[in-house]
Amino acid sequence: MNHSELEYLRELICETDAEIISLLATRNEVVKQIGEYKKKNNLPIFNQERENTLRDFHDKICSEFGVNKNLATQIFELLILESRKVQE
């Protein structure tokens, strides 16, 4: 691998990171809408059953894509905590 190939790969990482951040922003907007729905309908923010369903879904997707489940679990635990804060 030469220097220009390394720079190209680094640029791909930056582009991928930008996509991830864009998706986080989209997710956050959806979370806000869910929070509004819950408030209007007097539903609790915390829903253990839904969070368990999400965790199972994340594990399944990690297996399909060959992604480290521990890494994904750490990331999504942070996202779930942030989702609760946004919905309050």
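**Entry 1: Asn42**

I started at Asn42, which counts as exposed because its relative accessibility is 70%. For this I took buried as under 20% relative accessible area, exposed as over 50% and partly exposed as in between, with a 1.4 Å probe and protein chains only. I noted that the model is predicted, that local features need pLDDT of at least 70 and side-chain atom pairs pLDDT 80 or more, while totals for chains, interfaces and linings use all residues. I number residues from 1 along each chain as its sequence is written, and side-chain values use heavy atoms, with hydrogens and water left out.

I found Asn42 in the loop between α1 and α2 (48-65). Helices here are DSSP runs of H or I with at least four residues, strands are runs of E with at least two, and both are numbered from the N terminus. I looked up the backbone and read a positive phi of about 50 degrees for Asn42, although it is not a glycine. Most residues other than glycine have a negative phi. Asn42 follows α1.

**Entry 2: the chain as a whole**

I counted three helices and zero strands, in the order α-α-α from the N terminus on. The radius of gyration is 17 Å, well over the 12 Å that the globule rule gives for 88 residues, so the chain is more spread out than a compact globule. That radius is taken over C-alpha atoms, and the rule is 2.2 Å times the number of residues to the power 0.38. I read the span of the C-alpha trace along its principal axes as about 60 × 25 × 15 Å.

I find 14% of the 88 residues buried. The accessible surface is about 7200 Å², 58% of it on carbon and sulfur atoms; the areas come from the Shrake-Rupley method with a 1.4 Å probe, and for residues only the protein chains shown count as cover.

I then looked at contacts, meaning heavy atoms within 4.5 Å. Among those between residues at least 6 apart in sequence, 62% join residues at least 24 apart.

**Entry 3: helix α1**

I checked the length of α1: at 1.5 Å a residue its 38 residues should span 56 Å, and its end C-alpha atoms are 56 Å apart, which agrees. The expected span is 1.5 Å times one less than the number of residues.

I listed Val31, Gly35 and Lys38 as buried in α1. The buried residues of α1 pack against α3 (69-87).

I also looked up two other residues of this helix. Leu12 is in α1 and is partly exposed, with a relative accessible area of 32%. Its C-alpha atom is 21 Å from that of Ile75, 63 residues apart along the chain. Thr26 lies in α1 (residues 3-40) and counts as partly exposed at 45% relative accessibility. Thr26 and Asn47 are 21 residues apart in sequence and 21 Å apart in space, C-alpha to C-alpha.
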